[in-house]
Structures are given as C-alpha cells and as structure tokens.
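Here's a quick briefing to read with the model open beside you. Take a look first, then work through the notes below.

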Amino acid sequence: MSAVLKPKSKLIVCDGNEAAAWAVSLADVDMVAVYPITPQSSLVEYLAKFIADGRLGAEIVDVEGEHSVLSVLQGACLAGARTYTASCGPGLAFMFEPYMRTPGLRLPLVMTIVTRDTLTPQSVWGGHQDAMSVREVGWLQMYCESVQEVLDTTIMAYKIAEHHDVMLPTNVCHDGNYLSFGAARCELPDQDEVSAFLGKKDVNWHVALDPQRPMAVDPLTGGAGGPGPSTFVRYRKGQCAGTQNALKVITEVHAEWGRRFGRHHAPLIESYRMEGADYAIMTIGSMTGAAKDAVDAARARGEKVGLVKVKTYRPFPAQALADALAGVRAVGVVDRSVSFGWNCGPLFQDSITAMQYAPKRIPAMSFIGGLAGADLTVGHFEQVIARTKELARDGHTAETVWLNEKD
Amino acid sequence: MFDATTIPNDLCPIATKPNPMLPGDWRSMRPVVDRAKCVKCAVCWLYCPVQCVVEKAAWFDFNLKTCKGCGICATECPQRAIGMVEEAA
C-alpha cells in the first residue's frame, strides 16, 4: 500500500467500524438513518458522535427498524441528499423490501454490510452469509481486506454509485469481528482532498421528489398488454447495463484514488504471486491476509502457487477472473458462506461460471470456512494449498471441504 | 416542468404526464343512494378513501369517474341508505 504519508493526511489507529464512520464523515453525507445491530453497532455510535460533535453536518434519524432505515434514505436521496446506513444479518433481512426497490430506482445509496452469519443456528459473529444472500438483488458489492481498505472503499463507493453511467446503490462489505473490531494503523485523508475527489453531489438528477420537477416516482409498469412488457424489459436491461458499466467505473475510480492518495487497491480482483503459478487459491474479504502468508510460505518452499482475491463481487468480474486464472491447472476457492442449493460456496459457484470464459477447463474445488466468527488461519490455507496442489496433479475434483470441521 | 427526454429512457421508471385512467374505469360495483333514507349525516363523505362523495341539495351522491366501488360507504352508512350494484358486464 502506501510508502509515503500524504502531507495533509493524518495517522490514526482505529477498527473497521470507526474507519467506515470516518469515511462517511469525509464524504460529507447529508442524511444517516440507522438501527443498531451486532457487529455494526459501534459504527453508528461513532457516526452519532461525529454528528453530535459537529464534525459531520448530517442529519441522523434513529428509526424503529431497518425497514424504515432504508425507506427514510430513499426519500432523502430522492430529495437530493447523499445518504448512508450500515446493517447486517437479521437487520438486513428486515430491510429487504426497500432493499429490493433501491437499485431499480437507481438511487446511489451507500450502505456498509458489517457481515454476519445468518440465523439459524443463533449467532452474532462474522461470516458472509448475509451479504451473499442478497447478491442477486442489484446492489453493487465490494468486499474489503483491511481497515484501511474499508475507509478508502467507503469514500470511493460514493463516486462509483453516483457516476452517471452507474447510478446504483452500493454495499461496502467488511467482515464482522475481524474487520469491525480489529484495530489497525489507518491513514486519514485530508477533507479538502476528499471533497475534491468526490466532487459535487448530484444524486437525483434522474428521479426526484421536487416541487420544481413534478413527477410520479415508480408508476405501475409491466403487465401482459400494451407497452407493458417492453417497458419493463427496457428498465431491466438498463439496470443490467448500469451494473456492467460499474466494472469500468470501479476500475477508474480506484486508479484515480491511487493517483490522488497514493494507495493503490486492486479494484476488481487482486492477483497475488500469480507469476508462473501452476495452481491458485481464491479468497474474499479479511481472510486474504492469512491466505497470503500461507502462499508466501509455500512459495518459499518452491511451490508454484498463487492467489486471486475477489474485491468486487457484484458485478462479478468474470472476464478479469478468467484471464487471471487462464494459466493455472487447478483452483481452490475459499468461501465464508454457504450456497445451500449447490452444496458449495457462492464465490466458488460464480468462479466456475466465470471459468467458462477461460480457454480450457480448469478443475476447481470449494472450501468453506470462517463461519459464525470461526478463525481462518494460515494452517487452514496450508490445507487448501495442499489439496489444490493434489487437484492440479490428478484433476479429480471432490466434494466441498469444510475447513473448521475438525478444529 | 421536468423534461423526461433529457435522461435515458431505460434508467428509472418515472411518469411526468398524468395517466388518463381513473378508478371508475375498472370498478365492478357501483354505490346507489336511496334518497328517501339519506339524512345527509356525511358519514359516507368522511369514510370515502378517494373523496368521490358529492353533496347534493338533500342527499349525498358519488362522482362515478373516481369511485372505485370499494363499498366502504355502504358498509359505514348508519341509515343503510347505500346499496352496491354490479356494473354491467
């Protein structure tokens, strides 16, 4: 990451929840609506403090539940406000009705998912099950690896979501427990530089609650007769196009961030030690740190293994992934959540679909670990590397491996 | 007035022209007042969800362009002065 601290940046030590709150403050958000839920609660406490201290000139609405959280923010966004919330797990589930409506309205809300495993079994700890469960709703999703990446990505999320070619709500996901409460060194960029980076707020140029521009928002569309079917398809295709546009916009915004602030985060996927790799492991989120250590150790032993981390999960960077994996003979994909219908991880599912774009078939296996707060250690990734190496040798895929099964 | 042609037409469902359809266009039952029973208490006027009740000299009547035929007026009328009649098929 950064070699030299930018002159006007400040160094702080904070956890991922505080880093997200700092980012919201620096993004000069107008309206925050929140309902507390573990492990997100401290994030909204930081925001409430920033607003009470006058650091952030936003209005905060403490509503009675998550359904109202997002309904309030939809109204605020339609009225021209830059908006923010954070939630997870059961809170995200309660938010689902307005959550589904937001992308179709093309409202550029930014929402952190402090990822948490879903009930049942009863659990309050981290896991990607909540965020992965909403992967097909139409929000963009980026998964962070470090506290610094949480801060930087949350600011970038506004520029991506509000880009006129995108105009889609964006989830910045950071791992419950491991990133939400893990403290690290963090560079706090200068307010003026962030304001210059983000530019003018322009969130309701296309749809608005505005007496100067009277319009009906979301009139009845579709049905079997008249112009209904084709009109509905037109909006659906428009939303798909905006989502695909995000691949380019996310890449450009990350590049501009790197130029302005000196920190270059991989926008879609990160290829780590993939030069001449014979086989690869894939990761998402905070587990990547331990996985990189395991890859380093394996490389030091002479193993030809590399790693590909997925940062942008929606839209899925299928072509970038296929290109990155084109030279390997096997892939082991590690998920922190479960696709019940396929008996594997959802990232694995997406990855084998993306590998259709690769010139040849690449044998792949699904590994699931880190559920409900369980730790994914270097030791676990040594297992993944060893099993994937075997796969590269014999090409025989096997059932999903559950990494914490014997911990 | 907002010019919807200034934005892409596949972006977001909005409408800037009023829809010519009114609730009366899809009504299946219509309210009919028995003028002999109506005492002008205005309970129907209070309850009507689309404000289609119209005041006449000695009774209340309905604007059938906007009446959607929900029958709330008939249920609430203390005089049982309103009947719901099926619209012609």
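A word on charge counting before the tour: Lys and Arg count as positive, Asp and Glu as negative, while His and the chain ends are left out. With that in hand, chain B carries 10 positive and 9 negative side chains, and the centres of those two sets sit 7 Å apart. Keep in mind that this is a predicted model.

**Fold and overall form of chain B**
- You'll find two helices and five strands in chain B.
- Reading from the N terminus, the order in chain B is β-β-α-β-β-α-β.
- Chain B is more spread out than a compact globule, because its radius of gyration is 18 Å, well over the 12 Å that the globule rule gives for 89 residues.
- The C-alpha trace of chain B spans about 55 × 30 × 20 Å along its principal axes.

**Packing and surface of chain B**
- Of the 89 residues in chain B, 34% are buried.
- Take the contacts in chain B with a separation of 6 or more: 56% of them are between residues 24 or more positions apart.
- Chain B has an accessible surface of about 5900 Å², and carbon and sulfur atoms own 55% of that.

**A lysine to look at in chain A**
- A:K292 belongs to helix α10 of chain A, which covers residues 288–300.
- Is A:K292 buried or exposed? A:K292 has 12% relative accessibility, so it counts as buried, the cut-off being under 20%.
- Leaving aside residues up to four places away in sequence, A:K292 touches A:E145, A:E270, A:Y272 and A:L307.

How values were computed:
Residues numbered from 1 in each chain as written. Chains lettered and ligands numbered in written order. Predicted model: local features only at pLDDT ≥ 70, side-chain atom pairs only at ≥ 80, totals over all residues. Heavy atoms only, no water. Helix = DSSP H or I, 4+ residues; strand = E, 2+ residues; numbered from the N terminus. Rg over C-alpha atoms; globule rule 2.2 N^0.38 Å. Buried < 20%, exposed > 50% of the residue type's maximum accessible area, 1.4 Å probe, protein only. Contact = heavy atoms within 4.5 Å. Areas by Shrake-Rupley, 256 points an atom, 1.4 Å probe, with all protein chains shown as cover. Charge placed at Lys NZ, Arg CZ, Asp CG, Glu CD.
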